[in-house]
Amino acid sequence: MSIRDGYPMMKMLAKSPAGLEEILAGELQELGAVNIELLNRAVAFEGTKKELYAANYRCRTALRILVPIAHFTILSENDLYKSVKAIRWEDYLDNSHTIAIDSTVTTSLFTHSHFVSLRVKDAIVDSFRDRTGERPSVDTENPDFRINIHIYKDEVDVSFDSSGASLHKRGYHVSNAEAPLSEVLAAGMILLTGWDGQSNFVDPMCGSGTLLIEAAMIAMNIPAGQFREEYGFMRWKNYESDLWEEVQNEALEAQREFNYQIVGSDISEHNLRSAGANLKQARLHKDISIKVSPFQEITPPAGGGLMVTNPPYGERIRVEDIIELYQELGDALKQNFKGYKAWVISSDFRALKMIGLKPMKKYTLFNGQLECRYAGFDLYEGSKRARYQTGESETTGNGN
Ligand SMILES: C[S@@+](CC[C@H](N)C(=O)[O-])C[C@H]1O[C@@H](n2cnc3c(N)ncnc32)[C@H](O)[C@@H]1O
């Protein structure tokens, strides 16, 4: 095993939402991670404990960072039990600790991941009970150790989850409007546009303000975990508070000024009140301006910039209303957003076409379980207006 800055290098796995793997790989590379490999909804990488802490604190598109501790093959349920029991759990935890098991299972050996979690829990508990007569207890809400089991065919990976609660829980979302975006998805959407924070940012259907807050954090390079107090690794036996402090200080030193405007609006006063509460919690209420207004009446800041929005879709709205809403969004973009790049996410592909502009790029993303298209439009100034076209774009798939 190689050593860097006095710490052993280790293999880790960062989990991401589908479609954001490349963005996450870029974030990890910036932190100093090496041997980065793109997987499905995850990125494998190597680094030291410092990169482990930094990935948790700084990666905007990671859901959790796992540290593998064992890998083996199994032919039966009993194999799983025996191999898990054989792990030296006492090296990592004591019987006074609480545990929770998360399992992801793609195998003909088991039909229920819940059953796998139960068997793994039994194996860990029995390994302690056999040696000490006492056992760690289970706490699914706020455990000291989250243990991750991944079974694919006959291959089993056992990992510790260094994040604890999912990293989308940034700590600033104190008030929810209807259908808020996940913070990780919102950050990924902004990073997918290639925005470097050097222009205005607008969300004219901002709801609880997730995109606005993530945009401000990207623009000022505020670490993703700035408002979060707890990570799983803080309860580990090998936790080093000095190293954690070093990681935080390095991130804070990398913050920068932002000299443009971030503005949000929403037709719903109630939703905007949520945005106000969240902005305050993120201490960004002085950097972001919000107001109640239909998007049809919004004039964005002069000088161009980026607009990213998440209009209503799904089952909450009548079909006729949604078609009209997207048509009006298209009209507003053509008339009021010249000089802007505009990105819209929606699971309603028919409504998205009603915008009546040809996307320059489209990605497939998932908002929870809902498959969405995330389409980007270039709203050229003046002479290039001829490039506006209605109808379906020929571009499909990721990044085309
Ligand atoms: C899916 S939610 C956006 C959620 C937001 N991204 C968040 O993270 O909280 C859609 C929002 O569009 C707003 N909306 C609907 N019609 C609107 C209109 N004509 N003008 C402005 N906002 C509108 C709704 O009030 C709602 O807050």
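Two strands count as paired if DSSP finds at least two bridges between them. Within this pair, N200 has G305 of strand 14 as its bridge partner.

Helix 5 packs on the sheet, where it touches strand 14, strand 15 (340–346), strand 16 and strand 17 (370–378), and its direction makes about 175° with that of strand 16. Contact means that the C-beta atoms of two residues, placed from the backbone, lie within 7 Å, while angles run from 0 to 180 degrees between the N-to-C directions of lines fitted to C-alpha atoms, for helices over the stretch in contact. The sheet itself is open and mixed in its pairing, with seven strands in the order 13-12-11-14-15-17-16. Its edges are strand 13 (288–292) and strand 16 (361–367), each of which pairs on one side only.

## How the model is read

Residues are numbered from 1 along each chain as its sequence is written. Because the model is predicted, local features need pLDDT of at least 70 and side-chain atom pairs count only at pLDDT 80 or more, whereas totals for chains, interfaces and linings use all residues.

## The chain as a whole

The protein chain contains 10 helices and 17 strands. Of its 400 residues, 42% count as buried, a term for residues with 20 or more other C-beta atoms within 10 Å of their own, the C-beta atoms being placed from the backbone.

## Helix 1 and its cover

In helix 1 (residues 21–31), the buried residues are E21, I23, L24, A25, E27, L28 and L31. Their cover includes strand 3 (10–15), strand 4 (34–39), strand 5 (42–47), helix 2 (49–58) and helix 5 (183–192). Just after helix 1, G32 takes a positive phi of about 105°.

## Two domains

The chain is divided into domain 1 (3–161) and domain 2 (183–222 + 231–387), with bounds that come from an automatic or database domain assignment. Their centres, taken over C-alpha atoms, are separated by 32 Å. To the contact, domain 1 gives 21 residues and domain 2 gives 21 residues. On the side of domain 1 that touches domain 2, the elements giving two or more residues are helix 2 and strand 9 (145–152), and helix 2 gives the most, with eight residues.

How values were computed:
Helix = DSSP H or I, 4+ residues; strand = E, 2+ residues; numbered from the N terminus. Buried ≥ 20, exposed ≤ 12 C-beta atoms within 10 Å, placed from the backbone.
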